[in-house]
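Here is a short tour of a two-chain model, written to be read with the structure open beside it. Please keep the viewer at hand as you go.

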Amino acid sequence: MKKRMLSAIVAAGLAISGMAEAAEYKIDKAGAHAFINFKIKHLGYSWLTGRFNDFDGKFTYDKSNPNASKINVVINTASIDSNHAERDKHLRGKDFLNVKKFPKATFESTKYEQLNDNEGKLTGILELHGVKRTITFPVEKIGEGKDPWGGYRAGFSGETSIKLKDFGIDYNLGPASTHVTLELHIEGIKL
Amino acid sequence: MLKNTEKSFGVVAILIHWVMAISIFFMFGLGLYMVELTYYDPWYRGSLDLHKSIGMLLIAFLVIRLIWRQINVKPNDLPGSKLEQTAARIGHFVLYALMLLIMVSGYLISTADGRPIAVFELVNVPALPWSFDNQEDIVGEIHFWLAWALMVSVAGHIGAALKHQFINKDGGLVRMLKVNKEN
């Protein structure tokens, strides 16, 4: 009797952990199928784009229960790359990211709301420059399925615009450059 | 006149000493000033271009200066104890080493992404074919602190020159200002 109960508990435990595992994805950092890009207006005359080269994270997603989706991402702020060493040095310094004091930026989701098959609204806490703020932005599922090498992948894109001043970055880049657009293109491999 | 003698520095040595001294003081001030300029300041870009251009010229001056020093007679040491003369030699070595390291580190900041340095928009000094991770940040920090170290060393250098001139009264300052013609 006892033995049977124990095996039932173990089986239930396995089932639950199996379910959780089934929906967990690791961002494909190793294969670089994930990108965190940014763009900001230069003087109001053009877009300046760049990216963070080093970040990592995980997400959970299950087609049958999309609203339970979660994601967290940790960005190495010093990995900012705008294709110009002098500018990157400035961006890493105290006027902007202050990467010595704030080496990490994080995003941790708190809510996902599915709107239709491929679109949803993601809410979470973005910590940047030591300031935590809740942001909400639209997310699009690009696709999911088996990859040719025996794995299972799912990918999403999202874009949001943040006001630099909201995160304590108040270096004056001019009236057209108060906001920066963050673009996330994330592909995860199912664990 | 142009060359050094055992008793006196020549015109070339004196001129290059002062051109570099004035330029380096200017560069120190410009360096501290330019990084504080706001994005919309008309000097935001020009100040950096000027700093880089003068820096590249200073490397050329330093190389010429070191060669000139090698192929010329070195004027006799000023009178002083063995210890003072050794200290003077070490001090001068430190000044040269700091100047070289500051100039090279400055070059490595701006060329970290492979871009050349434009010297007064006339000549491009190319970047090295290799670089290391976060080069502009690491070398930037070094550039900043070595510049301060140079200013401290220069203060010692000026102090020593003034001591020679006004306490020892051996003409330590004047010999870097005019050529002694009695040979």
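## Ground rules

UniProt positions are given in the numbering used here, with feature names shortened, and annotations may be inferred rather than shown by experiment. Residues are numbered from 1 along each chain as its sequence is written, while chains are lettered from A and ligands numbered from 1 in the order in which they are written. This is a predicted model, in which local features need pLDDT of at least 70, side-chain atom pairs count only at pLDDT 80 or more, and totals for chains, interfaces and linings use all residues.

An unreviewed UniProt entry places the feature "transmembrane region" at residues 12-35, 50-68, 89-109 and 142-162 of chain B. Two of these spans are worth a look in the model. Residues 50-68 of chain B are 100% helix and 0% strand, with 26 Å between the end C-alpha atoms. Residues 89-109 of chain B are also 100% helix and 0% strand, and their end C-alpha atoms lie 30 Å apart. Helices (H or I, at least four residues) and strands (E, at least two) are DSSP runs, numbered from the N terminus.

## How H2 and H3 of chain B cross

In chain B, the axes of helix H2 (residues 43-71) and helix H3 (residues 82-110) come within 10 Å and cross at roughly 140°. Axes are lines fitted to C-alpha atoms, for helices over the stretch in contact, and angles run from 0 to 180 degrees between N-to-C directions. H2(B) is therefore oblique to H3(B) (under 35 degrees is roughly parallel, over 145 roughly antiparallel, 65 to 115 roughly perpendicular, and the rest oblique).

On the H2(B) side, the contact is made by Lys52(B), Gly55(B), Leu58(B), Ile59(B) and Leu62(B); H3(B) brings Met99(B), Leu100(B), Met103(B), Gly106(B) and Ser110(B). Residues are in contact if their C-beta atoms, placed from the backbone, lie within 7 Å. The residues of this contact between H2(B) and H3(B) divide into 6 nonpolar, 3 polar and 1 charged. Here Ala, Val, Leu, Ile, Met, Phe, Trp, Tyr, Cys and Pro count as nonpolar, Asp, Glu, Lys and Arg as charged, and the others, Gly among them, as polar.

## Where chain B touches chain A

The contact takes 11 residues from chain B and 11 residues from chain A. On the chain B side, H3 and helix H4 (135-167) each supply at least two residues, and H4(B) gives the most, with 3 residues.

Conventions. Contact = placed C-beta atoms within 7 Å.
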